Amino acid sequence: MSVLTILEFPDPRLRTRAEPVRAFDAELKQFVADMFETMYDANGVGLAATQVNVHQQVLVADMSDERNQPLVLINAQILEKDGEQVYQEGCLSFPGIYADVTRALKVKVKAQDVDGNEVVMDFEGPLAVCIQHEMDHLAGKVFVDYLSPLKRSMLLKRMEKQRKQAASA
Ligand code: ZN
């Protein structure tokens, strides 16, 4: 397994729309294993293939404290959304910045597992946020897109400043 490089905003490749996965082969299983390793290595709770510059509809997540509930969704589609919640989100492609985003409270998702079997799952609360956030990545969308222009530019300036400080440290 290997840890993959995570693209950081404003990398234009984060705007790419992912293609559906068609081949459920050994290569896909290896890629999913690498995505989990990358997510756990970065202490993330979710990762979309777009963020590692692979433009296929694959996302992984694990919101458990013990880091032992890996979830992989391939070709995920939201069937139903219900309610609303505000949650403070972060993103491995935006190191060090967090912002409140309003999303659906519950989502019903149809997807495939690594073997290509169809699964329908219901998510609620923080995990529903995570799934919606990662599905956005696969559509070329990022969480700061939901913010007002002023809030967005403040956060991006802060990220830039932190990046410079990290580079000079
Ligand atoms: Zn993200």
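User: Where is N43 found?

Analyst: A word on the model comes before the answer. This is a predicted model, in which local features need pLDDT of at least 70 and side-chain atom pairs count only at pLDDT 80 or more, while totals for chains, interfaces and linings use all residues. Residues are numbered from 1 along each chain as its sequence is written, and side-chain values use heavy atoms, with hydrogens and water left out. Helices (H or I, at least four residues) and strands (E, at least two) are DSSP runs, numbered from the N terminus. In these terms, N43 is found in the loop between α1 and β1. The phi of N43 is near 55°, a positive value in a residue other than glycine.

User: Is N43 buried or exposed?

Analyst: Buried means under 20% relative accessible area, exposed over 50%, and partly exposed in between, using a 1.4 Å probe and protein chains only. N43 has a relative accessible area of 66%, so this residue is exposed. N53, in the loop between β1 and β2, also has a positive phi, near 65°. Its relative accessibility is 33%, so N53 counts as partly exposed.

User: Which peptide bond is cis?

Analyst: The bond from F9 to P10 is cis, with omega near 5°. P10 belongs to the segment before α1.

User: How should I read the sheet, and what is the order of its five strands?

Analyst: Strands of a sheet pair through backbone hydrogen bonds, either parallel or antiparallel. Here, two strands pair if DSSP finds at least two bridges between them. The open sheet of five strands has the order β1-β2-β3-β6-β7, and its pairing is antiparallel. Its edge strands, β1 (46-48) and β7 (118-124), each pair on one side only. On average, neighbouring strands of this sheet are turned by 40° against each other, direction ignored. Within the sheet, strand β3 (residues 71-82) is joined by six bridges to strand β6 (residues 106-112), and D82 stands opposite K106 in β6.

User: Which strands does helix α1 lie across?

Analyst: Contact means heavy atoms within 4.5 Å. Axes are lines fitted to C-alpha atoms, for helices over the stretch in contact, and angles run from 0 to 180 degrees between N-to-C directions. Helix α1 (residues 26-41) lies across β1, β2 (58-61) and β3, running at about 40° to β2. Helix α2 lies across β1, β2, β3, β6 and β7, at about 150° to β2.

User: What are the protein donors of the zinc ion?

Analyst: Donors are N, O and S atoms within 2.8 Å of the metal (3.2 Å for Na, K and Ca); water is not among the atoms, so sites may look incomplete. In this model the protein donors are C91 (SG), H133 (NE2) and H137 (NE2), lying 2.0 to 2.2 Å from the zinc ion. Along the chain, the donors follow the spacing C-x41-H-x3-H. C91, in the loop between β4 (85-89) and β5 (99-103), and H137, in helix α2 (residues 126-138), are 46 residues apart and link distant parts of the chain. Both C91 and H137 are buried.

User: How many aromatic pairs are there?

Analyst: Rings of Phe, Tyr and Trp (its six-membered ring) pair if their centres lie within 6.5 Å; planes under 30 degrees apart count as stacked, over 60 as edge-to-face and the rest as tilted. The count comes to three aromatic pairs. In one of them, the rings of F9 and F94 have centres 4.7 Å apart and planes at 25°, so the pair is stacked. In another, the ring centres of F94 and F143 are 5.1 Å apart and the planes stand at 90°, so this pair is edge-to-face. F9, F94 and F143 form one aromatic cluster. F94 is buried, at 0% relative accessibility, and F143 is buried, at 1%.

User: How many salt bridges are there?

Analyst: A salt bridge is a side-chain nitrogen of Lys or Arg within 4 Å of a carboxyl oxygen of Asp or Glu. The count comes to eight salt bridges. Among them is the one between E8 and R163, at 3.2 Å, N to O. E8 lies in the segment before α1 and R163 in helix α3, so the pair ties together parts that are 155 residues apart in sequence. E8, E160 and R163 are linked in a network of salt bridges. Another salt bridge joins R103 and D136, at 2.9 Å, N to O. Both of these residues count as buried, R103 at 6% relative accessibility and D136 at 13%.
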